[in-house]
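Please keep the model open while you go through them.

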Amino acid sequence: MLKLVRLEVLLNRKALVTIFVMLSAFFAYTAYRSFSPRQYIGLISLVMGLAVPVAFQGREDRFGTSVLLCSLPARRSDVVLAKYAVTWAAIGLGLVYALALAALPFSKIPLPEVINFKGLLLLLFFSSLFFDCQLPLMTRFGFKGIMVTIIGFQLLGVLAMVFIQLFGGQRNPLRSFFLAVESFFRFFMRHEPTPGYLLLLGVSIVALNAGSFLIARALYARRDL
Amino acid sequence: MTNAIEIKGLRKEYKGFTLEDVTFDVPQGYIMGLIGPNGAGKTTIIKLLMNLIRRDAGEVRVFGLDNLRHEPEVKARIGFVYDVPRFHDDVKLAVIASAVAPFYKKWDDALFRRLMEEFELPAKTTFKKLSHGQKMKFSLALALAHDADLILMDEPTAGLDPVFRFELLERLRAIIQNERKTVLFSSHITTDLERVADHITFINEGRIVFSAAKDEVLETWGVVKAGPDVLRPTDVPGSRGAKRTDYGIEILTSDLARARAELGGRAVYDKATLEDIMFYISRGNGHA
């Protein structure tokens, strides 16, 4: 699997450098302007976690190199594992980069507020919710899968707004669904960092990723190249 | 004779095309040519061998190992050259090689550099700057540098100029001087196969027509020619296809000796070339 990650990085290193250069200014600006440390860290990790696999997968589709990956002496499940590893490495890299920028003199991010175990686990949990939907679709459908996930999430937002406009807050048929989602997020965001809660977060992150990986592996095994 | 590849009852269904009950062996130490018209199923077979597509039924064994259960071990012994070599366009050849090399225990860097020199490929050039022929050479250099026991090539000579085609075929012939090595390559260019292949597997419309030693095929198959209304295809033993011309009828037979013995002076007889066989079976109202 590490050989596959190395191959991905070597073949896409120009794209990786371009992403860093392009996003550095944006990240620095965010560190200067940001009012919420949690949003700052979340945004950068999400942007990096999205930008790197999008760039890599886009190039793989454009050059048709999925055939190269699958003709190497590796199992398809290793190829899928490598894609997950690259995505999580990008999220981790984004996190480290965000912390480094937050430590610079111009930054208005209070570092002690950013670096705490609960905050980091929450970041991984919410990233998992998004990326574990995206990655199986990406491995099965390539770049189109990424677009489907992003557009799908956007459509959900639009749909929610349309329902609110049409029915108002109280009579909205999706009200109970919205309330359930809200209380789900509130539970995780506002809960005291007790050992049980942190354990639940940790187990949820592992379970989400394991489930997503198994789905992605099954989908990729059925993909004809 | 041990087999490098054993394929049994292979099946793959697409919308509008089915590869049906494909069974043949590739003996170790020889060049096997997979021949057939465009769309016959040659690429599908090679993709199934490489597990690039999922088979619906059947079994593929490479050097005695199931190609799915022992996928990494099998692929470590294969040098794969695709019809259109695919690598990241903006990456230098040396970087591509360094990314691919760790996957192969038997990767020989000195051999790779020698092949690059021999093929006149500059390591610092990006892949997109290569011509089609150079891309094919680079792909071949990668395949040979890890001392692959089986070279698998899909339409390697398509789109190449005659000089490089000749060079490539000579290279294939040199590879099998080592009796451990085997080559399977698909092509619809019959002259290439006649030049280098030891065995031929002919595929048409997703089915294997025959798989045999090339010399045996060229010896036993023939074209029977007769004037108008002298012969019908069913009169000719081993008839596999026919074509009507302004002067009469031409019938492809898989048993030239028997046809000659039975029909005597009623017809004239020519040995069939691979091109004849492909033409009559795929276009000449072929029937078994």
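1. The area buried between chain B and chain A comes to about 2,700 Å², and carbon and sulfur atoms give 60% of that figure. On the side of chain B, L52(B), H88(B) and F103(B) supply 27% of the area that this chain buries against chain A, more than any other three residues. Please keep in mind throughout that this is a predicted model. The size of an interface is often given as the accessible area lost when the parts come together.

2. How many salt bridges does the rule find across the interface of chain B and chain A? The rule finds two there, and R59(A) forms a salt bridge with D90(B), with the closest N and O atoms 2.8 Å apart.

3. Over all chains, the count by this rule comes to 24 salt bridges. One to look at within a chain is formed by K42(B) and E155(B), whose closest N and O atoms are 3.6 Å apart. This pair links distant parts of the chain, as K42(B) is in helix α1 (residues 42-49) of chain B while E155(B) is in the loop between β7 (150-154) and α6 (162-175) of chain B, 113 residues apart.

4. The structure holds three cavities of 30 Å³ or more, and the largest cavity has a volume of about 240 Å³. Of the 18 residues that line the largest cavity, those closest to its centre are L68(A), S71(A), F80(B), F87(B) and S139(B), and you will see that these names carry the letters of both chains. The elements giving two or more residues to this lining are α4 (66-71) of chain A together with β6 (78-81) and α5 (132-145) of chain B. The largest share of the lining, four residues, comes from β6(B), and by class the lining has 13 nonpolar, four polar and one charged residues.

5. The second largest cavity holds about 70 Å³ of space, and the residues that line this cavity include E8(A), P53(A), F56(A), K83(A) and M138(A). Both α3 (37-63) and α5 (76-102) of chain A supply at least two residues of this lining, whose residues divide into five nonpolar, two polar and three charged.

6. Which residues lie nearest the centre of the largest pocket? They are L122(A), F126(A), L129(A), F185(A) and M189(A), out of the 29 residues that line the pocket, and the pocket has a volume of about 830 Å³. In chain A, the elements α3, α6 (111-114), α7 (117-141), α8 (143-167) and α9 (175-190) give two or more residues to the lining of the largest pocket, and the largest share, nine residues, comes from α7(A). By class, the lining of the largest pocket has 21 nonpolar, five polar and three charged residues.

Methods: Residues numbered from 1 in each chain as written. Chains lettered and ligands numbered in written order. Predicted model: local features only at pLDDT ≥ 70, side-chain atom pairs only at ≥ 80, totals over all residues. Heavy atoms only, no water. Buried area = accessible area lost by both parts, 1.4 Å probe. Salt bridge = Lys/Arg side-chain N within 4 Å of Asp/Glu carboxyl O. 1 Å grid on protein atoms, 1.4 Å probe; cavity = no way out; pocket = protein on both sides within 12 Å on 5 of 7 lines; lining within 4 Å. Points joined across faces, edges and corners; volume = space filled by probe spheres on them. Nonpolar A, V, L, I, M, F, W, Y, C, P; charged D, E, K, R; others polar.
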